[in-house]
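Dear colleague,

I am passing on to you the structure we talked about, and below it you will find some notes on what turned up. Please keep the model open while you read, and look up each residue as it is named.

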Amino acid sequence: MSIAANIEKIKQQLSQNIKLIAVSKTKPVETLMEAYNSGQKIFGENKVQELVCKFEQMPKDIEWHMIGHLQSNKVKYIIPFVALIHSVDSENILIEINKQAAKINKIQQVLLQISIADEVTKFGFEEAELFNLLVKYKNHEFPNIEIVGLMGMATFTENEDQIANEFAGLKKLFDNVKSTYFSSQESFHQLSMGMSSDYQIAIANGSNLIRVGSTIFGGR
Ligand SMILES: *Cc1c(COP(=O)(O)O)cnc(C)c1O
């Protein structure tokens, strides 16, 4: 099937409030342009250099999302153009994003990545750290940051019950955080969960931002 057909097939399964991020890491610009020309305007990348390189080469109405682990020294390269950073997984990285965004007078939208998998290799906050950070955020320690939601990655397993449990747990945490730390005027509304292998489970458990790569572009 063509890239356009792959995207269409996924979009048919999504209700109006759910956004699809085309995860285009490792794929060349020509391949991304096929998706773009079929109407896809949101792309996700997991490496700073590749993200910057593709941003420079591609049309300027694309919304670029950073979905991979960030190193502090590279944050400055993406702040001028990145729409949403999904992968804020430490206070230090948030401090750096705030600093770089302040330099260009930007309010950078971010998601906080939460550790939900039973794998130590996956990045993200534990609940206690998260609540700590939210208190600082509420005390205006990060004036150039807007936290608009949470992100999580389920365990890499065939066990769909486990995946569903992990996503349901994140949805519960999301609802709790939203009601405890955010007023109805604030836009804490994005829950980024689900990739090629598990986006249907993620949607069933409340995701409204899915990050799909190989189902659109083929294997890597
Ligand atoms: C690569 C990646 C995806 C997409 O993975 P697929 O299995 O190809 O859909 C989603 N989220 C993150 C954080 C990724 O790094």
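Let me begin with a pair of helices, where α6 passes α7 in a right-handed crossing; do bear in mind throughout that this is a predicted model. The contact between the two is made, on the α6 side, by Glu127, Leu130, Phe131, Leu134, Val135 and Lys138, and on the α7 side by Leu173, Asn176, Val177 and Tyr181. Sorted by class, the residues of this contact are 7 nonpolar, 1 polar and 2 charged. As for the geometry, α6 covers residues 127-138 and α7 covers residues 160-181, and their axes come within 12 Å and cross at roughly 25 degrees. Because angles under 35 degrees count as roughly parallel, α6 is described as roughly parallel to α7.

Next come the pockets. The largest pocket has a volume of about 370 Å³, and its lining is made up of 20 residues, of which Lys25, Ile67, Met153, Met195 and Arg211 lie nearest its centre. When that lining is divided by class, it gives 7 nonpolar, 9 polar and 4 charged residues.

The second largest pocket has a volume of about 260 Å³, and 13 residues line it, with Phe156, Thr157, Ile163, Ser197 and Asp198 lying nearest its centre. The lining of this second largest pocket consists of 6 nonpolar, 3 polar and 4 charged residues.

Lys25 is found in a loop, the one that lies between β1 (19-23) and α2 (29-37). Which residues does Lys25 touch, if those up to four places away in sequence are not counted? They are Gly44, Glu45, Asn46, Glu50, Lys54 and Arg220.

With best wishes

Methods
Residues are numbered from 1 along each chain as its sequence is written. This is a predicted model: local features need pLDDT of at least 70, side-chain atom pairs count only at pLDDT 80 or more; totals for chains, interfaces and linings use all residues. Side-chain values use heavy atoms; hydrogens and water are left out. Axes are lines fitted to C-alpha atoms, for helices over the stretch in contact, and angles run from 0 to 180 degrees between N-to-C directions. Helices (H or I, at least four residues) and strands (E, at least two) are DSSP runs, numbered from the N terminus. Angles under 35 degrees count as roughly parallel, over 145 as roughly antiparallel, 65 to 115 as roughly perpendicular and the rest as oblique. A crossing is left-handed if the near helix is turned anticlockwise from the far one by less than a right angle, and right-handed if clockwise. Contact means heavy atoms within 4.5 Å. Ala, Val, Leu, Ile, Met, Phe, Trp, Tyr, Cys and Pro count as nonpolar, Asp, Glu, Lys and Arg as charged, and the others, Gly among them, as polar. On a 1 Å grid over the protein atoms alone, a cavity is a set of points where a 1.4 Å probe fits but cannot get out, and a pocket is an open set with protein on both sides within 12 Å along at least five of seven lines; lining residues have an atom within 4 Å of a point. Grid points are joined across faces, edges and corners, and a volume is the space filled by probe spheres set on the points.
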